[in-house]
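The following paragraphs lead a new reader through a structure, one part after another. Please keep the sequence and the 3D view at hand while reading.

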Amino acid sequence: MKEDWKTLLSDEFQAPQPKHKKEFLRNLRAREVSMPEMLLQQVAYVRPAIWLFALALVAIAIVGSLMRVETTVNVLTMLMPFSAAIAVLETRRSERCGMAELEMTTRFSLRSVVLARMMILGIVSFLILCISSPMIAAAFDAGTVLTAVRILIPYLITMSISLLAERSPLGRKTGYASLAIASGVSIIIYWIDNYEPNMVAKYLGMIDSWGIMIALGLMAFTAVEQWKTINGVEAFA
Amino acid sequence: MKLTVNGITKQYKNKTAVDQISFQLTEGVTGLLGANGAGKTTLMRMASGILTPTSGSVDADGIPVDTEEYRALLGYLPQDFGYYPEFTAREFVQYVAALKGIEKKKAKKKTEEILELVGLSDVAGKRIRTYSGGMKQRVGIAQALVNDPKILILDEPTAGLDPKERVRFRNLIAEIGKDTIVLFSTHIVSDVEHIASNLLMMREGKLIYEGAWSEQKGDLEKFYMEEFE
């Protein structure tokens, strides 16, 4: 009986066709999008090669620690600068691919896009550090914090210099200055590790005494450079 | 809605690319005509918020050009645009939709609608790098339309389109112009003659003509040729 009434009523009283529906929908204010939502959205557009490189670094740390390969930390310190270079290169990906002008006119401007990408890659690097440092430290009876500092310092040096270089006229012209800087830092680390045992001892001593302070100083310097890059990204594009 | 361009100037070291230009636009199609180097692209980039004017202002119903609120109203097709090499047309339009703050489900639906509208549905899954120039231009138009913009700025949109595509594009713009402010630049007079209800003409950074063009005023192409000779 109830169903019959429903049918009868809906047959008798049809809902009117919506008037000006399109105009109404167009006039609706766009919803707010939070930063975490923006990050999740941009995660989907991070290139697979970047994820693969991050996974490779974690794999090296895990396998090296489990098999107690003594050079594990050295290899990681040599590869982390490339992780920094990739992050810096991402700040110019829109410009390189000719997407910058388009991204500057969307609701979330190019600046927000670059900020989101840098945050994602920063989180990825932080996760690499969080996974590898305790594993290596446990495998080789070293302090977790000092191991993290050892891996982090070349990363921060590369990132800060690369950010500076990519903003310079020469860096803008060449487009891949970050990779050259990362290669330079890695070669220096390799050379010191293999040919300058005295310097290694001095460096490790300095890390023991001043490592945390140096890392914090480099973090602050890198943060300033990142801020300058993000602020200038639309002007440069 | 009213788009107000108020005395904007863009000065580069020794050159004034755009010199004290003012106009107001309401819903309808406005053609911006001018020879290469007249300042059309600079003007459009300022109206899109990409370039900051040296002086003057741009707003839509009082919403300044440099705000998120303005960009939410905007659809823009640059003269030259690129794409991430791995993108298909579908991914490209969805990416722009995401940056325009459209939620995923709605963006997917809207992307399919727009790609259908520009005639790219059957190749939407193919990488853009395999497309012809005209097809790439249609992808560009699709991304500009994905958020149902109230202000649509198109810089040389007919470049690279073949005659058939050009006619189709004109019809599309004429339809959109019924309830949208459309400003499109070109140096092809026939593009403007067919669909623009309003005309702006630029020469050496200055606005030399503003208003509707009627037959009583004579042949537009002749006038244009005389002005730019």
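Two residues are in contact if their C-beta atoms, placed from the backbone, lie within 7 Å. Angles here run from 0 to 180 degrees between N-to-C directions, with axes fitted to C-alpha atoms. The model is a predicted one.

How many of the eight residues of α1(B) are buried? Eight of the eight residues of this helix (residues 40-47) are buried, so α1(B) is largely enclosed by the rest of the structure. The buried residues of α1(B) include B:K40 and B:R45 as well as B:L43, B:M44 and B:M46. Just after the helix, B:G49 takes a positive phi of about 85 degrees.

Chain B also has a second sheet. This open sheet of six strands has the order β6-β7-β8-β3-β9-β10, and its pairing is mixed. β6 and β10 of chain B are the edge strands, each pairing on one side only. On average, neighbouring strands of this sheet are turned by 15 degrees against each other, direction ignored.

β6(B) and β7 (residues 151-155) of chain B pair in the parallel sense over four bridges, and B:L74 stands opposite B:I151 in β7(B). Further along the order, β3(B) and β8(B) pair in the parallel sense over six bridges, with B:T186 of β8(B) as the bridge partner of B:L33. β3(B) also pairs with β9(B), again in the parallel sense, over five bridges; here the bridge partner of B:G31 is B:L199. Six of the seven residues of β3(B) are buried, so this strand is largely enclosed by the rest of the structure.

B:L200 has B:E210 in β10(B) as its bridge partner. These two strands form a hairpin with two residues between them, and B:E204 in the turn has a positive phi of about 45 degrees.

Helix α6 (residues 163-176) of chain B lies across β3 (28-34), β7 and β8 (181-186) of chain B, and runs at about 150 degrees to β8(B).

The axes of α5 (residues 72-90) and α11 (residues 177-195) of chain A come within 8 Å and cross at roughly 170 degrees. α5(A) and α11(A) are therefore roughly antiparallel to each other. By class, their contact has 13 nonpolar, four polar and one charged residues. Among the residues that meet here are A:M78, A:F82 and A:V88 of α5(A), and A:L179, A:V185 and A:I189 of α11(A).

The two chains touch. 24 residues of chain B are in contact with 19 residues of chain A. On the side of chain B, α2 (68-73), β6 (74-77) and α3 (89-99) each supply at least two residues, and the largest share, four residues, comes from α3(B). This side of chain B divides into 13 nonpolar, five polar and six charged residues.

What remains is the interior. In soluble globular proteins, nonpolar side chains tend to be buried together. The largest nonpolar core here has 120 residues, and those with the most contacts inside it include A:L152, B:A47, B:F92 and B:I153. Helix α8 (residues 110-139) of chain A gives the largest share of this core, 13 residues. Leaving aside neighbours within four places in sequence, B:I153 is in contact with residues including B:M44, B:A47, B:L74 and B:L183.

Technical notes
Residues are numbered from 1 along each chain as its sequence is written. Chains are lettered from A and ligands numbered from 1 in the order in which they are written. This is a predicted model: local features need pLDDT of at least 70, side-chain atom pairs count only at pLDDT 80 or more; totals for chains, interfaces and linings use all residues. A nonpolar core is a set of buried Ala, Val, Leu, Ile, Met, Phe, Trp, Tyr and Cys residues joined through C-beta atoms within 7 Å. A residue is buried if 20 or more other C-beta atoms lie within 10 Å of its own, exposed if 12 or fewer, and partly exposed in between; C-beta atoms are placed from the backbone. Two strands pair if DSSP finds at least two bridges between them. Angles under 35 degrees count as roughly parallel, over 145 as roughly antiparallel, 65 to 115 as roughly perpendicular and the rest as oblique. Ala, Val, Leu, Ile, Met, Phe, Trp, Tyr, Cys and Pro count as nonpolar, Asp, Glu, Lys and Arg as charged, and the others, Gly among them, as polar.
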